[in-house]
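Me: I'm new to this one, so could you walk me through the pockets and then one residue?
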Amino acid sequence: MNGKAVENIPEMMMQKTKKRILTLDGGGIKGAFAASFLQTIEEATGKRIADHFDLIAGTSTGGIIALGLGLGMSTKEITQFYVNEGPRIFDQKNPLEKHGSIAYYASKFKMALNFGKQIATPKYHPFELKKALERAFQDKCLGDSSIRLLIPAYHADNEDVYVFKTRHHERFQMDWKESVVDVAMATAAAPTYFRAHPMPSGSPLIDGGIWANNPAGIAAVEARSVLGWKNDDLYIVRIGCTEEALDIPIEPGYADLLLKSTALFMQGQSRGSDGTAILLSDHKEEAPRFFRFQPKVSTGKFSLDGVSMIHRLVGLGAAEGRKALPQFERFFLDGGAEKFYPTIDKNNNR
């Protein structure tokens, strides 16, 4: 072997680093599907989901799941959060209440009142959501996360995007101090369902779902640009909150799109986000890098606040997780993530 060939061996033997990203869509109580999906994977393999991802991005209900994972909650605990707290958060009857009881009919009446109220004001008061989050997260701050996190929101006064980030870059010197409860309340403040969440700074923030309900695209951009994972093999898994078929008229008037406009805009944003993730991860059919798990369901089967279907959502998540298990094991659980070391804050040195 000549000298030149020997000199090139180290370069030939070098392997790219594999980076794994988990993204979680918004969807209200339908987050029970995503939590159960992950729980099924976690319990089947005996491996903690949080130990195998270098970055987790979550919007709205997906943000709550991401925060839970970052703070060390098991996926089973997160699933139970939806089952136990969902009926209180959405001020509806518990799905276990006996049909025909006084409590059952009182809940039905309250649901009708909430629906009428939504025309002029938010459907629900955020009090129960805040209490549930306080029980789950206590007094933790974003800086307590053991994983890099990306949590989208929107600034109502600035009319601009607002993304909470852990200290995974030297520029990010403030968000780590924010209460996890405040971060969760902000990303989940869905218009017409909850009012804007006032942060301690006075900033009114609303649900990040209005621009990044599917955060796969912004997670890929964060990885390639901010984190500088330019030469790494990027693997991205996106877990949606179910998807309904959308019949789009080709000659629409107001009447045709009045009840479909929100779904249409959300679908378009989501497709664009997937496309960004596919391009930046260099996904190919023969060498897959981007994986999406989002089952199609019949129109109207599940809703953002439909707590009566919580257990059906949990069951669907378990079934889809069972099917996805081989891919998860092969592409995402084949090695642990490198330990996340936050950058040092220039002022607090925490």
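Reply: First the term: on a 1 Å grid over the protein atoms alone, a pocket is an open set of points where a 1.4 Å probe fits, with protein on both sides within 12 Å along at least five of seven lines, and lining residues have an atom within 4 Å of a point. This is a predicted model, in which local features need pLDDT of at least 70, side-chain atom pairs count only at pLDDT 80 or more, and totals for chains, interfaces and linings use all residues. Residues are numbered from 1 along each chain as its sequence is written, and side-chain values use heavy atoms, leaving out hydrogens and water.

Me: What volume does the largest pocket have?
Reply: The largest pocket has a volume of about 1,400 Å³, a volume being the space filled by probe spheres set on the grid points, which are joined across faces, edges and corners.

Me: And which residues lie nearest its centre?
Reply: Of the 41 residues lining the largest pocket, Lys-30, Glu-244, Thr-262, Ala-263 and Met-266 lie nearest its centre.

Me: Which element gives the most to that lining?
Reply: That is α11, with nine residues; helices (H or I, at least four residues) and strands (E, at least two) are DSSP runs, numbered from the N terminus.

Me: New topic: where is Gln-39?
Reply: Gln-39 sits in helix α2, which covers residues 31-45.

Me: Is Gln-39 buried or exposed?
Reply: Gln-39 is buried, because its relative accessible area is 14%, and buried means under 20%, exposed over 50% and partly exposed in between (1.4 Å probe, protein chains only).

Me: What is Gln-39 in contact with?
Reply: Leaving aside neighbours within four places in sequence, Gln-39 is in contact (heavy atoms within 4.5 Å) with Thr-75, Lys-76 and Thr-79.
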